[in-house]
Amino acid sequence: MDPILESLTEFATRLSHRDLPASIVTAAGERVMDALGCAIGACDGDSVAIARSLAGPAAPGAMVGRILGSRNVAAADAAGFVNTCMVRHLDFNDTYLPGGHPSDSSGALFAIAPQIGASGPQLIAATVVAYEIFIRLQISAKLRERGWDQGFGVGIGTAAGLANLMGLSRDVARNAIAITCVGNVPMRATRAGQLSMWKGVATAYAVRNAIFGVQLAVAGMSAPEAPFFGRHGFTDLISGPIELAPFGTKPENFFLPKAKIKYWPVAHAMQTAIWAGIELRKKISADQLASVDVQTCWSAWHESGSEPAKWDPTTKETADHSLPYILAWTLRHGQIDEESFKPESYLDPSIRPLMNMITARVDDDIEKDMPKTIRMRINAKDKAGKSYEVHIVNPRGHEENPLSSADLAAKFTRLCEPRLGKARTAAALERWQNIATAANVKDALDAVDVSAVR
């Protein structure tokens, strides 16, 4: 017997909406709405267009899935791929530290839920399953530190979440999770050097594979009996021994509320860089700076300030993960938005001298506080040698400094209004603020049908 496989299967097939504390239902609903807003805001993205162009019909008798922002359907795995590309494109969806986006699984749930007549409560329960499993795997396996990518956990969470949403039997759910486990261990080369479009779609690929794994299991495909703990299994080859935090139904048993909802459309570790830049520019203008020394945690430095490519971003994907670019842009403009990641912005040679004044390093005390407390300190000097310091602790979106209901509504509105218009966005917002009690997900997704206003 594989104890990890059995634990995940048990949780995926037994959890129901009625088991969830009210606070967890609220937190899950917020994250579902946030992921949907990110998707609608990205419906015209270049990676999304590629994904949509390849989303063909399902084979006879196979599952179909709905493509977000429309009433179109495609093969279930293709629809899930498109949807997760949408959720990820702006790099605006939530994050759990250390490293990873639990809401990436939502692309699959959005695809399948309306096709099987699922209710809002069912969507919430499936979301909780996907988050809790993904986060536990991220914490215990430490894949990032070993050079493997988060798509492994996203895939397992997706398969488990779909098992819950679809009401699969234990045997079928076990096979779906096992198939996804043995077939999907992606490399973190995806997030190294000059980043490509693949950075924003790698987990969509994991979601696609998980949906196909579920379909195989439903069709009767059996799977390896010990994919995690067995010979040549996950712990044998990849992670070493791991122990997952136990599942439970008390509020303190859930990790989901610690998934951080972003205020700015950049890598989560760079939220602190933007707030630091905002505070520093209150003290000194960018054109008077001579040096900027950034002290941060290891993950922020490693992902966004440890490679030469981050000082010379030539792609959007590199720019939204570049500490020197994000900080320099903020020092100049006072904020970050979609304009910041257009080619004419990140390729602008006039911003390079300011970027080259910026250095980044790991601060041991800051690292010791992670992930409970997130900090960034900046020590800067002007051309006359005067010193300035700013220190950011737990930026907005951190669980100790969460976005308010008004913040979440404003973010959803800002993302959706350009595509849906004011009146339809307001109506969609009301629906998705109450998704936990919705009779069906289909009607709620009809409310964000972008094609209806084109």
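This is a predicted model: local features need pLDDT of at least 70, side-chain atom pairs count only at pLDDT 80 or more; totals for chains, interfaces and linings use all residues.
Pockets and cavities both come from a 1 Å grid over the protein atoms alone: a cavity is a set of points where a 1.4 Å probe fits but cannot get out, a pocket is an open set with protein on both sides within 12 Å along at least five of seven lines, and lining residues have an atom within 4 Å of a point. Grid points are joined across faces, edges and corners, and a volume is the space filled by probe spheres set on the points.

Back to the second largest pocket. Its lining has 14 residues, and those nearest its centre are His 89, Leu 90, Lys 316, Glu 338 and Phe 341. Sorted by class (Ala, Val, Leu, Ile, Met, Phe, Trp, Tyr, Cys and Pro are nonpolar; Asp, Glu, Lys and Arg are charged; the others, Gly among them, are polar), this lining holds seven charged, four nonpolar and three polar residues.

The largest pocket has a volume of about 430 Å³. Around it stand 23 lining residues, with Pro 257, Lys 258, Ala 259, Glu 399 and Glu 400 nearest the centre. Here the classes come out as 14 nonpolar, seven charged and two polar. Helix H2 (residues 22-41) gives the largest share of this lining, three residues; helices (H or I, at least four residues) and strands (E, at least two) are DSSP runs, numbered from the N terminus.

Next, the rings. Rings of Phe, Tyr and Trp (its six-membered ring) pair if their centres lie within 6.5 Å, and the planes count as stacked under 30 degrees apart, edge-to-face over 60 and tilted for the rest. The count by this rule is twelve aromatic pairs. One of them is the stacked pair of Phe 152 and Phe 234, at 4.3 Å centre to centre with 5 degrees between the planes. Because Phe 152 sits in helix H8 (residues 151-166) and Phe 234 in helix H11 (residues 234-239), the pair ties together parts that are 82 residues apart in sequence. Phe 152 is buried at 1% relative accessible area, and Phe 234 is buried at 3%; buried means under 20%, exposed over 50% and partly exposed in between, using a 1.4 Å probe and protein chains only. A second example, Tyr 263 with Trp 275, is tilted, with 5.2 Å between centres and 45 degrees between planes. Tyr 263 is partly exposed at 26% relative accessibility, whereas Trp 275 is buried at 16%. Ring pairs also join Phe 152, Phe 228 and Phe 234 into a cluster.

Some rings have a charge over them, which requires NZ of Lys or CZ of Arg within 6 Å of the ring centre and within 35 degrees of the ring normal. The charged end of Lys 411 lies 4.0 Å from the ring centre of Phe 92, and Lys 260 is over the face of Tyr 96 at 5.7 Å.

Leaving out residues up to four places away in sequence, Leu 123 is in contact (heavy atoms within 4.5 Å) with Val 32, Leu 109, Phe 110, Leu 165, Trp 432, Ile 435 and Val 441.

Finally, look at the backbone. Most residues other than glycine have a negative phi, and most peptide bonds are trans. Met 370 and Pro 371, however, are joined by a cis peptide bond with omega of about -5 degrees. Pro 371 lies in the loop between helix H18 (364-369) and strand S5 (375-382). Lys 142, not a glycine, has a positive phi of about 50 degrees and is partly exposed at 43% relative accessibility. His 232, also not a glycine, has a positive phi of about 60 degrees and is exposed, with a relative accessible area of 53%.

Notes. Residues are numbered from 1 along each chain as its sequence is written. Side-chain values use heavy atoms; hydrogens and water are left out.
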